[in-house]
Amino acid sequence: MASDEAVNLVSGERDNTYCLHGRVFDLQSSSASTVQASAPTRFKYFEEEGVIWGEYAGDTVTIGKLAGTRSDTSITLAYAHKTLMGSTVFGNATSEISVDPDGKFRLTEYFKGVDGTDQLSICCEV
């Protein structure tokens, strides 16, 4: 890997291009809801040895937590969050990491909506 490539590594982890540790993402689009462009949901990820966890808030989410695993570009996670309306949402999702031409990560997330329908969200690294 070239020395000028930016990669966040956790102590003890081998060079890993897709490590999510310390990366921050904003929700860009979601088939489950309209994204408020001025205050989208923001996700903060942490990772150690393939285990990921994080938190998120913004738009219609007051507080959210996630935990899961990553293998190369594939993420499997569980999440729970509280909405502005006071309801609590739990679920599971899978995501794929891709890299934009500018070198920033993009997460394409697949999950079931509260009504059980298949949903898709896109989050972009900020």
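Two strands pair if DSSP finds at least two bridges between them. Strands themselves are DSSP runs (E, at least two residues), numbered from the N terminus. This is a predicted model, in which local features need pLDDT of at least 70 and side-chain atom pairs count only at pLDDT 80 or more, while totals for chains, interfaces and linings use all residues. Residues are numbered from 1 along each chain as its sequence is written, and side-chain values use heavy atoms, with hydrogens and water left out.

**View 1. Strands S6 and S7 form a hairpin.** Strand S6 covers residues 88–99 and strand S7 covers residues 105–112. They pair in the antiparallel sense over seven bridges. Val99 stands opposite Phe105 in S7. Five residues lie between the two strands, and in this turn Gly103 has a positive phi of about 90°.

**View 2. Strand S7 also forms a hairpin with S8.** Strand S8 spans residues 118–125 and runs antiparallel to S7, joined by seven bridges. Phe111 has Gln119 of S8 as its bridge partner. Five residues separate S7 from S8, and Gly116 in the turn has a positive phi of about 90°.

**View 3. Gln119 is a buried residue of strand S8.** Its relative accessible area is 12%, where buried means under 20%, exposed over 50% and partly exposed in between (1.4 Å probe, protein chains only). A polar atom of the Gln119 side chain lies 3.1 Å from the backbone nitrogen of Ala32. The side chain of Gln119 also makes a polar contact with the side chain of Thr117, at 2.6 Å. A polar contact is a pair of N or O atoms within 3.5 Å; within protein, one must be able to donate a hydrogen and the other to accept it, and residues adjacent in sequence count only if both atoms are side-chain atoms. Not counting residues up to four places away in sequence, Gln119 touches residues including Ser31, Ala32, Glu109 and Tyr110; contact means heavy atoms within 4.5 Å.

**View 4. Strand S2 pairs with S1 and with S3.** S1 and S2 run antiparallel and are joined by three bridges, with Phe25 opposite Phe43 in S2. S2 and S3 are antiparallel too, joined by seven bridges, and here Phe43 stands opposite Tyr56 in S3. Two residues lie between S2 and S3 in their hairpin, where Glu49 takes a positive phi near 50°. The covered face of S2 holds Phe43, Tyr45 and Glu47, while Arg42, Lys44, Phe46 and Glu48 are on the uncovered one.

**View 5. The largest nonpolar core has 20 residues.** A nonpolar core is a set of buried Ala, Val, Leu, Ile, Met, Phe, Trp, Tyr and Cys residues joined through side-chain atoms within 4.5 Å. Those with the most contacts inside this core are Leu20, Phe25, Phe43, Tyr45, Leu77 and Tyr79. Strands S1, S2, S3, S4, S5, S6 and S7 each supply at least two of its residues.

**View 6. Cys19 and Cys123 are buried cysteines.** Relative accessible area is 0% for Cys19 and 6% for Cys123. The closest cysteine sulfur to that of Cys123 is in Cys124, 7.5 Å away, which is too far for a bond. The structure holds zero disulfides, a disulfide being a pair of cysteine sulfur atoms within 2.5 Å.

Notes
Helix = DSSP H or I, 4+ residues; strand = E, 2+ residues; numbered from the N terminus.
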